[in-house]
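Here's a quick briefing to read alongside the model.

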Amino acid sequence: METGSPGGAETTETGARAPGAGPVWNGLPPGLLRMRRLLLVVWLGLAAVAVGLVLGLCVGPAWAAFVLLPLAGIGWGWVLLGRNWRSWRYAERADDLLISRGVLWREETVVPYGRMQLVEVTSGPVERHFGLASVQLHTAAAATDATIPGLDPAEAERLRDRLTELGEARSAGL
């Protein structure tokens with residue numbers, strides 16, 4: 001047996017998954033991280049300019065040093081966004097979809113295919129500009145609704161079609 005497939009799952013020489021191997025995890029594309037970091041820099045950069053101008057003109061030049069707070073927020077947010085992006089992953093298994101996320105509080109959602117009622121692909125204007133889409137899974141229990149953000153639109157559509165197909169097959173067997 002050789003290893004080295006995504007998520008550390010073992011595969012056979014033909015590429016088939018070995019019995020008892022863990023799920024194959026898929027991470028989110030780097031475009032999501034780029035989009036979120038750009039939004040961070042734009043919004044906190046604008047806040048830094050506004051704070052610097054308002055305090056510098058109204059109170060005095062010494063108070064303009066408070067411009068360092070939004071700039072420090074950019075540095076701190078840059079690191080946190082990277083950690084958060086790396087924590088998101090999903091895996092398709094035979095009977096369910098796993099979604100794992102979180103840095104301090106790890107959260108793993110298991111959505112059985114037979115419980116899915118609706119699978120949506122959404123993409124807002126900013127996401128479309130960056131070539132991204134999100135997959136939203138709806139189930140009967142609102143607590144188990146799940147989202148996979150920032151996917152490539154082709155992957156999002158493939159995932160939607162596959163999940164819909166598996167959901168229909170599993171619910172027909174109930």
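Let's begin inside: the largest nonpolar core has 24 residues, and Leu97, Ile99, Met116, Leu137, Ile148, Leu151 and Leu163 touch the most other members. A nonpolar core here is a set of buried Ala, Val, Leu, Ile, Met, Phe, Trp, Tyr and Cys residues joined through side-chain atoms within 4.5 Å; buried means under 20% relative accessible area, exposed over 50%, and partly exposed in between (1.4 Å probe, protein chains only). Two or more residues each come from helix 1 (30–58), strand 3, strand 5, strand 6, strand 7 and helix 4 (153–172), with helix 4 giving the most, four residues.

This is a predicted model, where local features need pLDDT of at least 70, side-chain atom pairs count only at pLDDT 80 or more, and totals for chains, interfaces and linings use all residues. Residues are numbered from 1 along each chain as its sequence is written, and side-chain values use heavy atoms, with hydrogens and water left out.

**Overall layout**
- The protein has four helices and seven strands; these are DSSP runs numbered from the N terminus (helices H or I, at least four residues; strands E, at least two).
- Reading from the N terminus, the elements go β-α-α-β-β-β-β-α-β-β-α.
- Of the 174 residues in the protein, 31% are buried.
- Take contacts (heavy atoms within 4.5 Å): among those between residues at least 6 apart in sequence, 43% join residues at least 24 apart.

- Strand 2 (residues 89–92) and strand 3 (residues 96–101) run antiparallel, joined by four bridges, and Tyr90 sits opposite Ile99 in strand 3.
- Strand 3 also pairs with strand 4 in the antiparallel sense, over six bridges, with Leu98 opposite Val110 in strand 4.
- The hairpin of strand 3 and strand 4 has five residues between the strands, and Gly102 takes a positive phi near 110° there.

- Four bridges link strand 6 (residues 133–139) to strand 7 in the antiparallel sense, and Leu137 has Ala146 in strand 7 as its bridge partner.
- Not counting residues up to four places away in sequence, Ile148 touches Leu28, Trp88, Tyr90, Leu97, Ile99, Ala133, Ser134, Val135 and Leu159.

**Helix packing**
- Helix 1 and helix 2 (residues 68–87) pack at about 165°, with axes 9 Å apart; axes are lines fitted to C-alpha atoms, for helices over the stretch in contact, and angles run from 0 to 180 degrees between N-to-C directions.
- That makes helix 1 roughly antiparallel to helix 2 (over 145 degrees counts as roughly antiparallel, under 35 as roughly parallel, 65 to 115 as roughly perpendicular and the rest as oblique).

**A surface position**
- Glu165 lies in helix 4 and is exposed, with a relative accessible area of 55%.

Technical notes. Pairing = 2+ DSSP bridges.
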